[in-house]
Amino acid sequence: MSEILRLEEKQQAFAELRDIKTTLAARGWFPATSGNLSIRVGDFSPEQFTFAITASGKDKSVNTPSDFLLVDGQGKPTDHTGLKPSAETLIHCEIYRATGCGAIFHVHTVFNNLVSELFWERKSIPVDGVELIKAFNIWDEEAQLEIPILPNYTDIPRIAELVEKAIVPRVPGIMLRKHGIYAWGANAFEAKRHLEAFEFLFEYVYRLELLKK
Ligand SMILES: CSC[C@@H](O)[C@@H](O)C(=O)COP(=O)(O)O
Ligand SMILES: [Zn+2]
């Protein structure tokens, strides 16, 4: 990739990340510095790719000149920078490698944490026939989904190694138990639509469970 093209693509990815970060922060989806966002830049092969990701530990409700950096497929910074990539960068690496997607957004919310615990023994969150499933481009009438849940190990590489096997082809997301959702898409627009659909469905599933009791 030429240096000029790379710089342009990097700046475009950083600008897109800033916009989505601002929008999601306004909803309160990054409490206590939680959450991370990434957008892939340039060519992709499972062996080699680059993406822009949020720096670790930042207050994601504030925009600064040092919020994002570029990393490679191993999660290592590609530029000289004092910034540390997200502590969860290796999970992004594995999702990109397994899916070839273009953007990944991760948030912690009370509803996603609650349903991850409610359905932990099942290892997936069932969603039955809700219209918003169509946001995943699934058009079957009364479609049924199972959103996979992985354990929330402290050691991120231990989680990363489970990602590829856990991915369900038509479900663009993985939940970590009592932690949060990773949602992805072909680009930032699609990843945001998927993330919003997941969060709607988690609140629906949680409230339905309460009503059934
Ligand atoms: C501060 S609690 C959340 C973190 O432990 C982590 O799960 C998270 O989502 C944010 O980590 P970060 O390294 O800023 O990307
Ligand atoms: Zn997290």
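Trainee: What is the site of the zinc ion (ligand 2), going by the angles among its six donor atoms?
Mentor: Octahedral. Keep in mind that this is a predicted model. The angles among the six donor atoms run from 73 to 177 degrees.

Trainee: And what are the ideal angles for six octahedral donors?
Mentor: They are 90 or 180 degrees.

Trainee: Which protein donors does the zinc ion (ligand 2) have?
Mentor: Glu88 gives OE, while His106, His108 and His179 each give NE2. They lie 2.1 to 2.6 Å from the zinc ion.

Trainee: How are those donor residues spaced in sequence?
Mentor: The pattern is E-x17-H-x1-H-x70-H. Glu88 and His179 link distant parts of the chain, 91 residues apart. Glu88 sits in the loop between β3 (68–72) and α2 (89–99). His179 sits in the loop between β7 (173–176) and β8 (180–185).

Trainee: Are Glu88 and His179 buried or exposed?
Mentor: Both Glu88 and His179 are buried.

Trainee: New topic, ligand 1. Which residues around it come nearest?
Mentor: Of the 14 residues around ligand 1, those are Ser56, Gly57, Lys60, Ser86 and Glu88. By class, the shell has ten polar, two charged and two nonpolar residues.

Trainee: Which side chains have a polar atom by an oxygen of ligand 1?
Mentor: Among them is Glu88, with a polar side-chain atom 2.5 Å from a ligand oxygen. For Ser86, a side-chain N or O atom is 2.6 Å from one. For His179 the distance is 3.0 Å.

Trainee: How much of ligand 1 does the protein cover?
Mentor: On its own, ligand 1 has 420 Å² of accessible area, and the protein covers 72% of that.

Terms used
Residues are numbered from 1 along each chain as its sequence is written. Chains are lettered from A and ligands numbered from 1 in the order in which they are written. This is a predicted model: local features need pLDDT of at least 70, side-chain atom pairs count only at pLDDT 80 or more; totals for chains, interfaces and linings use all residues. Side-chain values use heavy atoms; hydrogens and water are left out. A residue is near a molecule or strand if one of its heavy atoms lies within 4 Å of it. A polar contact is a pair of N or O atoms within 3.5 Å; within protein, one must be able to donate a hydrogen and the other to accept it, and residues adjacent in sequence count only if both atoms are side-chain atoms. Accessible areas come from the Shrake-Rupley method with a 1.4 Å probe; for residues, only the protein chains shown count as cover. Ala, Val, Leu, Ile, Met, Phe, Trp, Tyr, Cys and Pro count as nonpolar, Asp, Glu, Lys and Arg as charged, and the others, Gly among them, as polar. Donors are N, O and S atoms within 2.8 Å of the metal (3.2 Å for Na, K and Ca); water is not among the atoms, so sites may look incomplete. Four donors count as tetrahedral if all angles lie between 85 and 135 degrees; four count as square planar and six as octahedral if opposite donors are over 155 degrees apart and all others between 65 and 115; anything else is irregular. Helices (H or I, at least four residues) and strands (E, at least two) are DSSP runs, numbered from the N terminus. Buried means under 20% relative accessible area, exposed over 50%, partly exposed in between (1.4 Å probe, protein chains only).
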